[in-house]
Amino acid sequence: MSWHDPARALEPESDTALRNELRGLLGMSRTPETSYFEAEPTPELIQLADELRREARRRNLTARKKSSWMLLAAALPFALVTAGMGAWGVSQKHKADQLAATVAHEEAEIRRMATALQPPPAAPAAARPLPVQAPTAKGQPAQTLLIGKAAPRNKAKELVIPVERSKEANPNAPQSVKSN
Amino acid sequence: MEPLKTQPIPFGDSHEFHDIFASLYPRLVSYARRYGATYPEDIAQEAFVILMQRDSPVEHPTAYLYGTVRTLSLTERRPLKNQSISLEAVVEPGKGPDADEDLLSQEVRERMKALSPTFRETLWLFVVEDLSIRQISEILDIPEATVKTRIHRAKAHLRNQLNSSGGLHVLA
């Protein structure tokens, strides 16, 4: 690294003129008494400069070592936890796969056993609706009642229950009460 | 003065470094004192160590040193900021005027004091510290155009100040 500062060396003349003008306004001398980089280093300053240089070098070395060790120390627990979690996850996945295979095998076995124990299908005649003789009232022809699934489909064959209305027991007829 | 040779880290030869250190160190101590640093020497030394500690070189080492001193000085005073210290107090602290006494006359100090802290800081770096506009923009972390604006406004303030007191006629 160089101490030579191009920004200071390549300063435009207008800036230098402005600086001189401001110096005049402030009541300072137009040109600085000492140049920017002109100073006599005293023995104390030289010693201090060397000490600072050594300190910078020491910090540079120690800081680098410290940072790498610190990085390792900080990363180690995370790496261990990640590896542990990964191994545990893999073992859990393996167990889950085994359990799923066992369950599937047992279900297939149960299905096979259920199929084997199922009774044979009933005869087709049993499904046919049976004609039932409905009770008939006096003087009425016998009605045939169809029981089974086919009965409601055939709208022509409806269940008709003959009711003989008795004249004596008419609930709508007015009742007369005899007075003594 | 001959232009300094470009050298890789660590900072050229010892002779060159001693010369630079001897010229910059007192200025940096004074600059830290202006910000009210309790231990301005420590701050200036720390700025040098931080610069030399860097792996990558900086483009403007002088500006980098000034910027580091400014930051460290303000950081040192940070706990006091919570006690509602104004910018005026930070830029012109109790020990501040003492720092100027060695460098500036009473008249110059009075004229600088009349400026606002923002303008005074820029003017100080430009005129007293003899830094370029580019360096000041790096130190204060503001655009170069802003530095120029501040300097021109400071100049206008100084002119008004002198006009009101009749000083401009004396200068003319």
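**A walk through the two chains**

Modeller: Happy to! Let's begin with the covered part of one helix: in α8(B), the buried residues are Phe119(B), Arg120(B), Glu121(B), Thr122(B), Leu123(B), Trp124(B), Leu125(B), Phe126(B), Val127(B) and Val128(B). Please keep in mind that this is a predicted model.

Colleague: Okay! How many of the residues in α8 of chain B are buried, then?

Modeller: The helix covers residues 117-128 of chain B, and 10 of its 12 residues are buried, so it is mostly covered.

Colleague: And what follows α8(B)?

Modeller: Asp130(B) does, with a positive phi near 65°. Asp130(B) is not a glycine, yet its phi is positive. You'll find Asp130(B) in the loop between α8 and α9 of chain B.

Colleague: Is Asp130(B) exposed or partly exposed, and why?

Modeller: Asp130(B) counts as partly exposed because it has 17 C-beta neighbours inside 10 Å.

Colleague: Which other residue has a positive phi without being glycine?

Modeller: Asp141(B) is one, with phi near 60°. Asp141(B) sits in the loop between α9 and α10 of chain B. Asp141(B) has 9 C-beta neighbours inside 10 Å, so this residue counts as exposed.

Colleague: Let me zoom out. What is chain B built from?

Modeller: Chain B has 11 helices and 0 strands. Reading along the sequence gives α-α-α-α-α-α-α-α-α-α-α.

Colleague: And what about chain A?

Modeller: Chain A has 3 helices and 2 strands, in the order α-α-α-β-β along the sequence.

Colleague: How much of each chain is buried?

Modeller: In chain A, buried residues make up 6% of the 180 residues. For chain B, the figure is 41% of 172 residues.

Colleague: Nice. And how do α2(B) and α3(B) cross?

Modeller: The axes of α2(B) and helix α3 (residues 61-76) of chain B come within 9 Å and cross at roughly 130°. Because of that angle, α2(B) is oblique to α3(B). This crossing is right-handed. Among the residues making the contact are Ile43(B), Ala44(B) and Phe48(B) of α2(B), and Tyr64(B), Leu65(B) and Val69(B) of α3(B). Sorted by class, the contact of α2(B) with α3(B) has 11 nonpolar, 2 polar and 2 charged residues.

Colleague: That leaves α1(B) with α3(B). At what angle do they cross?

Modeller: Their axes cross at roughly 30° and come within 9 Å, so α1(B) is roughly parallel to α3(B). The crossing of α1(B) and α3(B) is right-handed. Leu24(B), Leu28(B), Tyr31(B) and Ala32(B) of α1(B) touch Thr62(B), Leu65(B), Tyr66(B), Val69(B) and Ser73(B) of α3(B). The contact of α1(B) with α3(B) has 7 nonpolar, 2 polar and no charged residues.

Colleague: Last topic: which residues of the largest nonpolar core touch the most other members?

Modeller: Of its 46 residues, those are Leu28(B), Ala32(B), Ala44(B), Ala47(B), Leu65(B), Val69(B) and Leu123(B). Several helices each supply at least two residues of this core, including α2 (13-26) and α3 (43-117) of chain A, and α9 (133-140) and α10 (144-165) of chain B.

Colleague: Which helix gives the largest share of this core?

Modeller: That would be α1(B), with 10 residues.

Note on methods: Residues numbered from 1 in each chain as written. Chains lettered and ligands numbered in written order. Predicted model: local features only at pLDDT ≥ 70, side-chain atom pairs only at ≥ 80, totals over all residues. Buried ≥ 20, exposed ≤ 12 C-beta atoms within 10 Å, placed from the backbone. Helix = DSSP H or I, 4+ residues; strand = E, 2+ residues; numbered from the N terminus. Axes fitted to C-alpha atoms, helices over the stretch in contact; angles between N-to-C directions. Parallel < 35°, antiparallel > 145°, perpendicular 65-115°, else oblique. Left-handed = near helix turned anticlockwise from the far one by under 90°. Contact = placed C-beta atoms within 7 Å. Nonpolar A, V, L, I, M, F, W, Y, C, P; charged D, E, K, R; others polar. Core = buried A, V, L, I, M, F, W, Y, C linked by C-beta atoms within 7 Å.
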